[in-house]
Amino acid sequence: MEEILRAAWAGSPDGSDLPTRLAVACARALPVSGVGMALMTDEGPAGLIAATDGAALELEELQFTLGEGPCVDASRAGRPVLQPDLARTAPLRWPAFAGGALDAGIRAVFAFPLRVGAIRVGVLDLYRDRAGSLSADELAEALSFADAATLVLLHAQAGSPVLGAVAVLDERAEVHQATGVVSVQAAVGLAEALVLLRARAFAEGRPLGDLARDVLDGTVDFGSVDDSG
C-alpha cells in the first residue's frame, strides 16, 4: 500500500489530484477497463471523486440515480461485491442497474468498500469490459488499492493541508437540495423524497442531476399534477 501511495503522490505533489492519480494507477495495475471512486453515506452514494473513463463515469452515475448496484451493496454490507459475469447475475440482483451496465459495455464489476470500522468512507469500483474473475493475486492487489484509497479519502475529508479538500466531480449537492424541495412539495420525508426523485429520473431515462436542476429551477414540481414543464 505504501508503494501505491508513494507512486500516486509522485504524480500529484500538491495532493490536489491524488484520488484521480490513484484510480488511474489502479486501472493500469489490474486487468480492468475502468475505475471509479465515490463517497458513501448511510443513505447511499454521496459524491463521485474519480472516474478513469466514460463507462466508469456512466456506471457511477447510474448507481447514484438508482440507489442500487454493486457499489451500494458493498458499502452497505461492508464487504467486497465481486460480480465477474454481470450478464448472468446482475439482472436478478439489480434489475434496473443491469440493463444500463450491459448497455455501457461493462461485463464485470468488483466493488470494494472503503471503511474505518463501522464508518463508511467511500467505495472503489473496478469495471471490466469482459467477463471473468480476478485471480487471488489480483484480488490482493485490488484490496491494497482499496486500503490506499481509504487513506486518501480520510486525509482529504479531514482537510489535510497536504491533500487538500475532496474534490467532488459532479453536482450532487443539487440533488440533496432538490430532495429537500421535493420533500416539501410532496409532503414526505427526505428518504422518500429521494426515492421519488430517483424513480422519476429512471422512468424518464435521464440523469438524476438533470432532474434535480429542473426541480430547483421550478420547471418540475412534485406537488403539482401537471409539472411536465
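The largest pocket in this predicted model has a volume of about 250 Å³. A pocket is taken here, on a 1 Å grid over the protein atoms alone, as an open set of points where a 1.4 Å probe fits, with protein on both sides within 12 Å along at least five of seven lines, and its lining residues have an atom within 4 Å of a point. Grid points are joined across faces, edges and corners, and the volume is the space filled by probe spheres set on the points.

Of the 13 residues that line the largest pocket, Glu43, His176, Thr179, Leu190 and Leu194 lie nearest its centre. Strand S2 (44-51), helix H8 (172-186) and helix H9 (190-204) each supply at least two lining residues, and the largest share, 5 residues, comes from H9. These elements are DSSP runs numbered from the N terminus, with helices being H or I runs of at least four residues and strands being E runs of at least two. The lining divides into 7 nonpolar, 4 polar and 2 charged residues, where Ala, Val, Leu, Ile, Met, Phe, Trp, Tyr, Cys and Pro count as nonpolar, Asp, Glu, Lys and Arg as charged, and the others, Gly among them, as polar.

Residues are numbered from 1 along each chain as its sequence is written, and side-chain values use heavy atoms, with hydrogens and water left out. Local features need pLDDT of at least 70 and side-chain atom pairs count only at pLDDT 80 or more, whereas totals for chains, interfaces and linings use all residues.

The protein chain has 10 helices and 5 strands, and buried residues make up 45% of its 229 residues. Buried means under 20% relative accessible area, exposed over 50%, and partly exposed in between, with a 1.4 Å probe and protein chains only. Among contacts (heavy atoms within 4.5 Å) with a separation of 6 or more, 60% join residues 24 or more positions apart.

The loop between H8 and H9 holds Ala187, whose phi is near 55 degrees, a positive value in a residue other than glycine. Most residues other than glycine have a negative phi.

Helix H2 (residues 18-29) has 12 residues and reaches 16 Å from its first C-alpha to its last, close to the 16 Å expected at 1.5 Å a residue, that expectation being 1.5 Å times one less than the number of residues. In H2, Leu18, Pro19, Leu22, Ala23, Cys26 and Ala27 are buried. The structure holds 0 disulfides, a disulfide being a pair of cysteine sulfur atoms within 2.5 Å.

Relative accessibility for selected residues is as follows.

| Residue | Relative accessibility | Class |
|---|---|---|
| Cys26 | 1% | buried |
| Cys71 | 1% | buried |
| Asp85 | 26% | partly exposed |
| Arg107 | 31% | partly exposed |
| Ala187 | 68% | exposed |

Arg107 is placed in the loop between helix H6 (95-103) and strand S4 (108-116). Not counting residues up to four places away in sequence, Arg107 touches Gln83, Pro84, Asp85, Leu86, Leu102, Arg128, Asp129, Arg130 and Ala131. The C-alpha atoms of Arg107 and Gln83 are separated by 8.6 Å, although these residues are 24 apart along the chain.

Asp85 lies in the loop between strand S3 (81-83) and helix H5 (86-93), and, leaving aside neighbours within four places in sequence, Asp85 is in contact with Arg107 and Ala131. Asp85 and Ser133, 48 residues apart along the chain, have C-alpha atoms separated by 8.1 Å.
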